[in-house]
Amino acid sequence: MGPAVKIVMSAALILGSGGYLLAESLRDPDTLTYFHGADVVIAQPGQFKDQRIRMGGHVAKGSIMQKPGTLEYQFEVEPVAAMAKFPEALGKTVTVRYTGVVPDTFKDDAEVIVAGRLTPNGAVFEANELVAKCPSKYEAAEKNEKKY
Amino acid sequence: MTDLGYYAILATFVVATYTALAAILGHLKQSPRLAASAQYGAFATFGTLTISSASLVYLFVTNDYSVKYVQHYSDRSMPLFYKATSFWGGQDGSLLFWVWVLSIWGAIAVYQNRNKNREIMPYTIATLMVIVIFFTVLMLFQANPFETYLAGAPTDGRGLNPLLQNPYMVTHPPSLYLGYIGWTIPFTFAIGALAHGKLDYSWISAMRRWCLVAWFFLTVGLTLGGLWAYEELGWGGYWAWDPVENAAFFPWLTGTAFIHSVQVQERRGMYKAWNLVLIIVTFILTLLGTMMTRSGVVQSVHAFAQSDIGTYFFAFIILTVVVSFGLLLYRMEALRPQQGLESILSREFAFLVNNWILLAAAFLVLFGTLFPSLYKGVTGHEVNVGATFFNTWMIPIGMVMLFLTGVGPLLSWRKSTAATVQQQFTLPVVVAAIVAVGLWFGLDITNWKPLATLVLCAFVTSTILQEFYRGTRYRMRNAKENVLDAFITLVVRARRRYGGYVIHFGIVLMFVGFAGEAFKLEEDKTLKEGESVSIGRYAVTLQQLRFEDDGQKTMITADVAVKKAGADMGELHPAKWAYRKPEDQVTTEVSKMMSLRDDLYLVLGGYDAENRLATLQLKVNPLVNFVWLGCTFTMFGFSIAVWPDRKKQEATVRVRRFMPAFAGAASLLVMVVTLVLAFI
């Protein structure tokens with residue numbers, strides 16, 4: 001074997017195995033999650049059975065409820081009109097349940113991203129991650145979304 | 001003032017264009033007058049940009065809310081100090097800050113080399129000026145910080161996000177910028193050398209210290225960012241693989257690789273082309289990072305500052321790639337190595353592996369950060385890459401890097417014999433084995449990640465101590481000095497080497513801190529007044545919930561009594577502050593009890609004023625303070641490594657001595673100010 005063949009073969013081996021490992025590490029559902037607007041979830045709930053997703057929208061005004069003395073929250077998320085792919089979903093909402101400490105920016109009209117799953121009947125989105133954002137501001141807003 | 005600031009940017013554009021042309025023409029026509037003129041031009045851009053920056057600060061301080069940028073990022077109620085530092089609080093001002101810092105570094109570099117490196121300096125100055133031109137164009141056409149409201153200027157500003165009104169946000173961005181932009185100087189020297197064709201070691205010795213300075217500020221900046229996240233954001237960690245953090249991390253990785261591999265070129269005349277590739281890539285990554293954090297490219301899911309500057313950056317990056325790599329290919333013939341690799345058991349090979357690992361790390365972080373944007377571009381679907389991806393890859397990579405930190409310096413250049421390997425590694429391996437046994441049986445640490453990390457830390461530490469010990473003993477015998485004299489002379493005679501060891505020790509301490517992540521405890525609990533909860537060896541009791549108002553904000557504080565292993569430790573006061581401005585902005589005020597072994601970290605997660613309930617997030621973060629301690633050692637090691645040798649009596653020695661001294665003093669000051677402000 002000439003040196004060129006050796007180099008090509010070892011490069012192929014390294015890139016191949018590296019690429020395989022890379023692809024494999026992205027298959028973990030906690031690593032790679034799909035993002036959808038609330039309108040997609042409203043229009044086609046069947047699409048998301050058994051799949052962890054991230055859903056984005058606005059918190060509907062006055063919809064935040066907290067069970068007294070606990071960290072259990074329930075609220076409605078409405079699609080963002082400007083980004084909606086399914087106009088028929090506008091005006092409807094998705095019910096989200098979340099247990100845990102909410103970020104300071106979580107309030108009426110806040111832009112939120114929730115990660116979790118739809119219940120099997122499609123009625124409720126059970127979230128275990130909640131990111132909320134006050135109206136945008138460079139840096140401050142970016143940093144705010146960190147790991148809540 | 002807006003006119004002055006704006007016209008100063010315009011003047012910078014004109015002067016920089018002239019300077020670039022004068023530098024190159026002066027070189028081609030061999031005209032000393034033009035060459036001198038180009039040097040003054042470089043100083044002049046520093047002058048004009050200083051005027052522009054000063055105008056912006058003046059506008060902030062004098063509450064001129066007719067200026068959009070000032071109105072967006074400050075308000076009357078802010079302390080003067082934070083008004084001034086709002087300068088870099090937003091996009092447009094931060095670009096001005098960027099190019100201002102570049103002009104400072106550039107002016108120092110040009111001054112240092114005013115009588116040296118005559119061949120490459122013209123091209124270096126020209127490259128520098130092209131970068132300055134790019135940023136001025138960006139501000140003139142896309143991101144003018146001096147833009148005013150045409151009519152109906154507001155009488156008050158919107159206020160700076162309270163999260164940014166914090167001592168760390170005063171020191172963290174400048175430090176990060178100094179480091180980030182510092183890499184531009186080595187890059188301009190590299191392009192200067194490539195353009196002229198003088199590709200011997202001279203360009204590297206001209207900018208070697210600059211790399212250390214850039215590396216140092218970047219390291220301190222990253223650490224301060226981590227401290228800020230830990231103190232202010234209230235999620236209990238300091239690093240979350242956020243795209244903004246990653247953007248500053250790629251150049252750190254490639255820059256670290258560069259610092260190591262230039263030593264191989266210095267000693268053995270190898271890796272010449274490779275070093276050029278590394279510094280070019282490092283500079284491109286700083287551009288990419290600046291672009292990513294400002295153009296909304298990365299946060300495609302929730303873009304914040306959508307603007308066209310992304311297009312400009314993209315074009316400039318393409319230009320940089322084409323010109324740099326084009327020159328590199330053109331000069332390939334001159335970059336042949338003088339010698340080949342002789343053995344795998346050699347320091348140059350260890351450095352090569354170190355380079356591969358650091359580059360692989362940079363690639364993976366870049367891949368994970370850009371994957372969502374690429375994926376969206378290809379499939380139209382939006383995805384998110386979680387922290388698990390980064391942790392899966394970076395933990396093993398970090399361990400290999402740590403291992404090489406111990407191994408590399410102990411291998412000889414060219415070839416290590418079996419005897420030297422045995423002599424160098426017997427003790428460290430024995431120490432590592434003892435520590436492994438101790439951790440496993442004594443402390444019951446069986447999780448392989450922290451176990452392996454801590455064992456490697458012990459291994460590297462013993463290699464470093466062994467070096468100091470052997471060197472000192474050698475001097476004591478041969479020069480007949482006492483212990484202290486021998487030790488000091490040893491370090492002073494080979495500052496780079498022993499300073500480097502101290503930096504390595506700082507990195508080891510940081511890894512000890514990273515290992516502590518594996519043992520952290522977390523619990524959320526809602527308590528009534530008088531109720532208690534325990535976590536690890538701590539027990540906390542909610543005494544009362546307090547409500548106060550200071551005019552700027554409403555403060556809700558939980559008074560919490562803490563016991564550690566049964567002993568009273570006093571009170572902690574986690575709080576939530578609701579600011580009037582920006583409207584309804586709430587911040588979480590973390591309260592923590594620090595010790596070298598662990599931090600008890602309390603956050604007031606929520607409260608119920610009616611029923612007097614407080615929800616506490618409790619976290620115990622073991623070993624976390626080793627991260628900050630490690631950074632301090634790194635700073636110390638840097639000061640040793642970068643201090644110039646007193647022997648060389650060149651004309652420029654004063655400047656050379658001044659610059660690192662200045663850098664060291666400035667950064668120590670920054671650190672001290674931060675700590676003082678943070679702890680009062």
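What is the mean pLDDT of chain B, and what percentage of its residues reach 70 or more? This is a predicted model, and for chain B the mean comes out at 85, with 92% of residues at 70 or more.

Chain A has a mean pLDDT of 79, and 86% of its residues score at least 70. As for the complex, the predictor hands it an ipTM of 0.76 and a pTM of 0.86.

On to helix packing in chain B. Two packed helices are described by the angle between their axes and the distance between the axes. Helix 5 (residues 91–112) and helix 6 (residues 121–141) of chain B have axes that come within 10 Å and cross at roughly 165 degrees. With angles over 145 degrees counted as roughly antiparallel, that is why helix 5 of chain B is roughly antiparallel to helix 6 of chain B. The crossing of this pair is left-handed. On the helix 5 side of chain B, the contact residues include Leu95(B), Trp98(B), Val99(B) and Leu102(B), while those on helix 6 of chain B include Ile125(B), Leu128(B), Val132(B) and Phe135(B). Sorted by class, this contact between helix 5 and helix 6 of chain B has 15 nonpolar residues, 1 polar and 1 charged.

Helix 6 of chain B also meets helix 1 of chain B (residues 2–28), with the axes coming within 8 Å and crossing at roughly 155 degrees. Helix 1 and helix 6 of chain B are therefore roughly antiparallel as well, and their crossing is left-handed. The contact between helix 1 and helix 6 of chain B has 19 nonpolar and 5 polar residues, with no charged ones.

Then there is helix 2 of chain B, which covers residues 32–61. Its 30 residues reach 44 Å from first C-alpha to last, close to the 44 Å expected at 1.5 Å a residue. Just after helix 2 of chain B, Asn63(B) adopts a positive phi of about 55 degrees.

Conventions
Residues are numbered from 1 along each chain as its sequence is written. Chains are lettered from A and ligands numbered from 1 in the order in which they are written. This is a predicted model: local features need pLDDT of at least 70, side-chain atom pairs count only at pLDDT 80 or more; totals for chains, interfaces and linings use all residues. Side-chain values use heavy atoms; hydrogens and water are left out. Axes are lines fitted to C-alpha atoms, for helices over the stretch in contact, and angles run from 0 to 180 degrees between N-to-C directions. Helices (H or I, at least four residues) and strands (E, at least two) are DSSP runs, numbered from the N terminus. Angles under 35 degrees count as roughly parallel, over 145 as roughly antiparallel, 65 to 115 as roughly perpendicular and the rest as oblique. A crossing is left-handed if the near helix is turned anticlockwise from the far one by less than a right angle, and right-handed if clockwise. Contact means heavy atoms within 4.5 Å. Ala, Val, Leu, Ile, Met, Phe, Trp, Tyr, Cys and Pro count as nonpolar, Asp, Glu, Lys and Arg as charged, and the others, Gly among them, as polar. The expected span of a helix is 1.5 Å times one less than its number of residues. pLDDT is the predictor's confidence in each residue, from 0 to 100.
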